[in-house]
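Please read them with the sequence and the structure open beside you.

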Amino acid sequence: MTPIDTAVARLVAVFGEPRTADPELYVAEFRKALKGLDPRVLELAVDQWMRKDTAFWPRPGELLAEAEIASAKIYGRRPAEHMPIEGRPEMDAAARARVQALVAKTLASMSDVGHVTGTASPAQWERGHRAAFKAMQDATPNVHLHKQGLSPISKRMMGERE
């Protein structure tokens, strides 16, 4: 008798036949879910389930959760085994200069964000203040972004009626 057969037989002895439309398929799903578990882990998982205050068979996922707890008890928690980290390839001087220029350009671009000339500062904007929003729309470098107008739903939200 395999360890899975022993576990299923113990569950049948304690809880009876599974109360389902197809008990054979239910047990087959159990066998499929528990396949590959260490016999000691499986035995401890079934022990833990039987100690619970329940009169029903566990679902396969519930018994797998018990098996994870049992495995931690038996083997203890081990750190993950990591793959060794290989060194990065060295960059040549030209590639390093291109990267440094790109980083400098990006940092300069990021420092200019939000400083469009002719608009009110964000601290002066009030929530729903149409004049400040209109000034921001007019001063934006993306001229096609705000030219579509408000949708009917947006107009209703802003209090405008057709």
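1. Helices in these comments are DSSP runs of at least four residues, numbered from the N terminus.

2. The model is a predicted one, and its mean pLDDT over the chain is 78, with 77% of the residues reaching 70 or more. Confidence is lowest in helix H6 (residues 130–139), where the mean is 75, and highest in helix H3 (residues 39–50), where the mean is 90. Where pLDDT is low, the predicted coordinates should not be read in detail.

3. As for the overall make-up, the chain contains seven helices and zero strands, and buried residues account for 17% of its 162 residues.

4. Helix H3 has 12 residues and spans 17 Å from its first C-alpha to its last, which is close to the 16 Å expected at 1.5 Å a residue. The buried residues in H3 are Val41, Leu42, Ala45, Val46, Gln48 and Trp49. These residues lie on the same side of H3, because they cover an arc of only 160 degrees around the axis.

5. Which residues form the nonpolar patch on the surface? The patch is formed by Met91, Val99, Val103, Leu107 and Met110, which together have about 470 Å² of accessible area. Val99 itself is partly exposed, with a relative accessible area of 40%, and so passes the cut-off of over 30% that patch residues must meet.

6. Five salt bridges are found in a search of the whole structure. In one of them, Asp5 pairs with Arg31, and the closest N and O atoms are 3.0 Å apart. Asp5 lies in helix H1 (residues 3–15) and Arg31 in helix H2 (residues 23–34), so this pair ties together parts that are 26 residues apart in sequence. Both partners are partly exposed, Asp5 at a relative accessible area of 24% and Arg31 at 37%.

7. Lys52 forms a salt bridge with Glu66, with 2.8 Å between the closest N and O atoms. Because Lys52 lies in the loop between H3 and helix H4 (60–75) while Glu66 lies in helix H4, the pair ties together parts that are 14 residues apart in sequence. Lys52 is partly exposed, at 37% relative accessible area, whereas Glu66 counts as buried, at 8%.

8. A salt bridge also joins the side chains of Arg40 and Asp38, at 4.0 Å from N to O; this value should be read beside the cut-off, which is within 4 Å. Arg40 is partly exposed, with a relative accessible area of 48%, and Asp38 is partly exposed too, at 24%.

Definitions and conventions
Residues numbered from 1 in each chain as written. Predicted model: local features only at pLDDT ≥ 70, side-chain atom pairs only at ≥ 80, totals over all residues. Heavy atoms only, no water. Patch = residues over 30% accessible without salt bridge, like charges linked within 9 Å, V, L, I, M, F, W, Y side chains within 5 Å. Areas by Shrake-Rupley, 256 points an atom, 1.4 Å probe, with all protein chains shown as cover. Buried < 20%, exposed > 50% of the residue type's maximum accessible area, 1.4 Å probe, protein only. pLDDT = per-residue confidence, 0-100. Helix = DSSP H or I, 4+ residues; strand = E, 2+ residues; numbered from the N terminus. Expected span 1.5 Å × (residues − 1). Arc of directions from axis to C-beta.
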